[in-house]
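Subject: Structure for you to look at

Hello,

Here is the structure I said I would pass on. Please open it alongside this note.

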Amino acid sequence: MSKGTFSVIGADVVIAGDLTASADLHLDGRIEGDLSCAALVQGESGVIEGSVHAQSARLSGRIKGSITASELVILRNAVVEGDVFYKALTIEEGACVEGRFSQKRDDTSVDENSEKPDLALAN
């Protein structure tokens with residue numbers, strides 16, 4: 001991964017399909033598929049319909065799908081429908097999350113008793 005690389009998906013962009021980025025990503029648009037990136041910053045207009053895998057994520061839009069992140073911040077405007085797997089978690093007052101929370105024990109696996117498959121984060 002190149003340090004300092006940052007990609008932006010604007011509010012007028014819709015991506016239908018999975019997206020993988022080795023760079024940090026700022027999302028104001030819409031993704032209809034799974035997303036994997038180093039770090040995610042989701043703006044209030046950002047929408048994701050699919051799972052999210054990131055080392056760090058700062059969310060303030062809508063997500064319908066599971067989230068796996070080592071460092072996760074869910075801001076007050078965020079609406080999340082799905083299970084959340086995290087190592088460190090911050091949720092602002094007013095955020096709406098419907099799903100299960102499971103703290104990751106290390107960087108390579110989710111709670112061993114979980115019904116979900118083993119999810120690994122790319123380094």
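Below is what was found in it.

This is a predicted model, in which local features need pLDDT of at least 70 and side-chain atom pairs count only at pLDDT 80 or more, while totals for chains, interfaces and linings use all residues. Residues are numbered from 1 along each chain as its sequence is written, and side-chain values use heavy atoms, with hydrogens and water left out.

The protein chain has 14 strands and zero helices (DSSP runs numbered from the N terminus: strands, E, at least two residues; helices, H or I, at least four). Of its 123 residues, 41% are buried, that is, under 20% relative accessible area with a 1.4 Å probe, protein chains only.

The largest nonpolar core has 22 residues; such a core is a set of buried Ala, Val, Leu, Ile, Met, Phe, Trp, Tyr and Cys residues joined through side-chain atoms within 4.5 Å. Strands E4 (24–27), E6 (35–42), E8 (52–59), E10 (67–74) and E12 (84–91) each give two or more residues to this core. Leu40 is among the residues with the most contacts inside the core. Leaving aside neighbours within four places in sequence, the contacts of Leu40 include Leu25, Ile48 and Leu59 (contact: heavy atoms within 4.5 Å).

E6 and E8 are paired in parallel over seven bridges (pairing requires at least two DSSP bridges between two strands). Val41 has Arg58 in E8 as its bridge partner. E8 also runs parallel to E10, again with seven bridges, and Ser56 is bridged to Glu71 in E10.

Regards

Definitions and conventions. Buried means under 20% relative accessible area, exposed over 50%, partly exposed in between (1.4 Å probe, protein chains only).
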